[in-house]
2 protein chains.
Amino acid sequence: MPRKITGPEIERLIQLLARLPGLGPRSARRATLQLVKKREQLLVPLTEALARVRDTVKICSCCGNVDTADPCAVCTDPTRDPSVIVVVEDVSDLWALERSGAVSARYHVLGGVLSPLDGVGPDDLSIAGLVDRAADPAVREVILAVNATVDGQTTAHYVTDRLRDLPVKVSRLAHGVPVGGELDYLDEGTLAAAIRARTPF
Amino acid sequence: MPRKITGPEIERLIQLLARLPGLGPRSARRATLQLVKKREQLLVPLTEALARVRDTVKICSCCGNVDTADPCAVCTDPTRDPSVIVVVEDVSDLWALERSGAVSARYHVLGGVLSPLDGVGPDDLSIAGLVDRAADPAVREVILAVNATVDGQTTAHYVTDRLRDLPVKVSRLAHGVPVGGELDYLDEGTLAAAIRARTPF
Ligand SMILES: [Zn+2]
Ligand SMILES: [Zn+2]
């Protein structure tokens, strides 16, 4: 903005909101004005909610899920099948699979994919933790629910190789997942079909 | 979500973010995970920025702009032409006009438009305040920069009527503004052209 028309505190809020995925500078300005307009219904509760998350959020030391408890609600849920681990790239994929209701298992969040060009190697992902968990005799199957991208499939091959000596079945999602697509953008029916028709790897 | 997979504090944050303009449930989830992932660069500063805005934001008692000072930075800017008041519906329109750089005047935010169907009458807008300001002998022109909607034009007519007895010229934006369009979505060149070619009302 060429001249000062509002306070630095407000400019700062606009700048930070514009860094959220889905918001740009224009929508960040609109969001800021909406927050100011709905002070008691939105600004005050959102400030409080962010502070609570800032103070309570944890990354599950077992699976990598985002929760306020460690281990997380998924890892401590006794109704889930303890013999299956679903491996995902990101927490958003875990949440997407849960919304599909396609599987009642535990998860393992890799935290990304192997990507030599971006300098992401096996030690940058939680692959060692996955191998440890898969070595538990209770575990019989690992489902690789990674994105159908080149890096995702490279990662799936690498993980399969690391699990080779363990007595677990390794499977991957069926090709209901569109090639090049990302899990978090798929509809729940497609996700459910891909889980049901998963194939040996 | 059918089963508990994350903490209530996190669910609450997602719900509140989803109420911001431009974000829905899906992008609110992605924004929340981004915040958690970028704790120090994004979550902590955004919480702080929201708290600062919550504690310092004011609505300018003169023009209705959002700022941390009252009167606001626009009203106290000595380099602006004190003889012109630009009337807008909303603060977002004031900011959009400032970005266009088309005018160096003061503003008056009505806070909406007349809308009998929605129960919005003259007393719900800051029209009396505008008449007071326009009665200042220093003021020579009032530019009605309201949206080119039916309600916007009805409001412009009503405001013109209320200013009739004052020795001020009342003008409106040129028809560079697309019919039915909203100011905040226009590009800056169109806004600048519309200010330059404003016509007597
Ligand atoms: Zn967990
Ligand atoms: Zn002001």
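Helix α3(B) has 18 residues and spans 24 Å from its first C-alpha to its last, close to the 26 Å expected at 1.5 Å a residue. The model is predicted.

Which residues of α3(B) are buried? They are B:Leu42, B:Leu43, B:Pro45, B:Leu46, B:Thr47, B:Ala49, B:Leu50, B:Ala51 and B:Val53. An α-helix has 3.6 residues a turn, so residues three or four places apart point the same way.

What do the buried residues of α3(B) pack against? Three partners belong to chain A: α1 (8-17), α2 (25-37) and α3 (39-56).

**The interface**

The size of an interface is often given as the accessible area lost when the parts come together. For chain B and chain A, the buried area is about 6400 Å², with 66% of it on carbon and sulfur atoms. B:Arg3, B:Ile5 and B:Trp95 supply 12% of the area that chain B buries against chain A, more than any other three residues. In contact terms, 66 residues of chain B meet 67 residues of chain A.

Polar links also cross the interface. The rule finds 24 residue pairs in polar contact there. Five elements of chain B give two or more residues to the side that touches chain A: α1 (8-17), α2 (25-37), α3 (39-56), β2 (66-67) and α4 (91-100). The most comes from α3(B), with 15 residues. The residues on this side of chain B divide by type as follows.

| Type of residue on the side of chain B that touches chain A | Number |
|---|---|
| Nonpolar | 34 residues |
| Polar | 13 residues |

How many salt bridges does the rule find across the interface of chain B and chain A? There are six. B:Arg3 forms a salt bridge with A:Asp77, and their closest N and O atoms are 3.3 Å apart. B:Arg3 is also one of the three residues named above for buried area.

**A loop residue in chain A**

Now turn to A:Asp136. This residue lies in the loop between α5 (127-134) and β5 (141-144) of chain A. Why does A:Asp136 count as partly exposed? Its relative accessible area is 39%, and partly exposed covers the range between under 20% for buried and over 50% for exposed.

The side chain of A:Asp136 reaches the backbone nitrogen of A:Ala138 at 2.8 Å. A:Asp136 and A:Pro82 are 54 residues apart in sequence, yet 10.0 Å apart in space, C-alpha to C-alpha.

Methods: Residues are numbered from 1 along each chain as its sequence is written. Chains are lettered from A and ligands numbered from 1 in the order in which they are written. This is a predicted model: local features need pLDDT of at least 70, side-chain atom pairs count only at pLDDT 80 or more; totals for chains, interfaces and linings use all residues. Side-chain values use heavy atoms; hydrogens and water are left out. Contact means heavy atoms within 4.5 Å. Buried area is the accessible area (1.4 Å probe) that two parts lose on being put together, summed over both. A salt bridge is a side-chain nitrogen of Lys or Arg within 4 Å of a carboxyl oxygen of Asp or Glu. A polar contact is a pair of N or O atoms within 3.5 Å; within protein, one must be able to donate a hydrogen and the other to accept it, and residues adjacent in sequence count only if both atoms are side-chain atoms. Helices (H or I, at least four residues) and strands (E, at least two) are DSSP runs, numbered from the N terminus. Ala, Val, Leu, Ile, Met, Phe, Trp, Tyr, Cys and Pro count as nonpolar, Asp, Glu, Lys and Arg as charged, and the others, Gly among them, as polar. The expected span of a helix is 1.5 Å times one less than its number of residues. Buried means under 20% relative accessible area, exposed over 50%, partly exposed in between (1.4 Å probe, protein chains only).
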